[in-house]
Amino acid sequence: MSNTRISGAAQGDATHAAHDAANPAPEAGMSRDIINIGLNIFRTGIRRYDEETQEHLQWLWGYTFEVLGNSKTELCRQIGYDYAFIYDVFTGRYDGDLETFCAAIQQLKIRAAQKMPLVETVVVKRVLEALDYAAKSSSMVSICGPTGRGKTYTAKYWARLHNHGRTRYIRVPSGCTRRQIVTMLCTSCGIGVNGHKTPELEQRLFKAFDARNVIIVDEAGHLVPKANSNGTSAIELLRDLHDICECAVVMIFTDVYLKEMESGRLSDYFEQFRGRIKYKLDIPSKIFRSEVEDVVKFFNPAPAQRLVELAYKTAGARDGKLRTLFEDLQRAKEWADRENRPMQFQDLALAVDWRKSGGVWPEE
């Protein structure tokens, strides 16, 4: 694919960056560090490779856009190949053996997993099951539960390491509009958005997704219209993508938003969504003791009962639940590691006190 962009020589001003060969048009998202290979070109290019190689390349493509911010520099640094080679592979121009390159992708996948460890509690396992169901059956799935139970972390973990890069994870901001969700989905797919109107971008999305894709929409409750608004356009896009592309759609809610969909003023309208949801996972508010034990054992394989009890009490407090407990245990383990010993009760107690006091303030 030839590069038809004109770099220009603009000097820049207070609101516009200067242009040069390395940074042709930064305000338009055209920095040379950005991968400018269209999704359609990538998908067409890799068809010439065997299925296993395509799976590896799909994962690398998704990891590049979801995790590496579409940075050429970071991709080359992490995979250990120069961009000219990667470009030829992504566009189907490479004629050689890709076994070594695929091995490098597999090693990157292992490192990505190590950076994002997952404690498979009973709740995490159920979330993974829901995500697997969505992928295998191309269904619409809802995951609903209170904050601090690992919904987001587990979804990100699954999206990063599973489904071979065909998963698109987005987190919906408050008051999300249809244009915003279209832009986020396009960005996650590597579809350029600058200079394109929303209907045009939507058509590109409809071409980008098929039954093998999974769209995970975190904080999907932000798509529910506010009390003074009747706008349902943003959430309708998810329905259309599911219906037209037959892709899986996973919506992650905190419980308060799903209740609004089920019994609020627009409950009749949202009936069409509830009817499409084939798998509904409701995470209970109660924290199971087994969850806490699994998390504690991740930091200390043979914990004293006293440590488990403190952890259970900490998780039950109304200040973050398991998410906060995990952070406290992480800090406690770091302190114990400095003394080259297993984490103990007093380490967690100190970490909890440290957090509640707002950290350590300097002495006068």
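This is a predicted model: local features need pLDDT of at least 70, side-chain atom pairs count only at pLDDT 80 or more; totals for chains, interfaces and linings use all residues.
Local features require pLDDT of at least 70, side-chain atom pairs count only at pLDDT 80 or more, and totals for chains, interfaces and linings use all residues. Residues are numbered from 1 along each chain as its sequence is written, and side-chain values use heavy atoms, with hydrogens and water left out.

Helices (H or I, at least four residues) are DSSP runs numbered from the N terminus. Helix α2 spans residues 51–66 and helix α5 spans residues 99–115. They pack at an angle of about 45°, with axes 10 Å apart. Axes are lines fitted to C-alpha atoms over the stretch in contact, and angles run from 0 to 180 degrees between N-to-C directions. α2 and α5 are therefore oblique to each other; angles under 35 degrees count as roughly parallel, over 145 as roughly antiparallel, 65 to 115 as roughly perpendicular and the rest as oblique. Their crossing is left-handed, with the near helix turned anticlockwise from the far one by less than a right angle.

Contact means heavy atoms within 4.5 Å. From α2, T53, H56, L57, W59, L60 and Y63 meet F101, C102, I105, Q106, L108, K109 and A112 of α5. This contact has nine nonpolar, three polar and one charged residues. Ala, Val, Leu, Ile, Met, Phe, Trp, Tyr, Cys and Pro count as nonpolar, Asp, Glu, Lys and Arg as charged, and the others, Gly among them, as polar.

Helix α8 (residues 178–189) packs against helix α10 (residues 233–245) at about 45°, with axes 7 Å apart. That angle makes α8 oblique to α10. The crossing is right-handed, the clockwise case. R178, I181, V182 and L185 in α8 meet S233, A234, E236, L237, L238, D240 and L241 in α10. Seven residues of this contact are nonpolar, one is polar and three are charged.

Terms used:
Helices (H or I, at least four residues) and strands (E, at least two) are DSSP runs, numbered from the N terminus.
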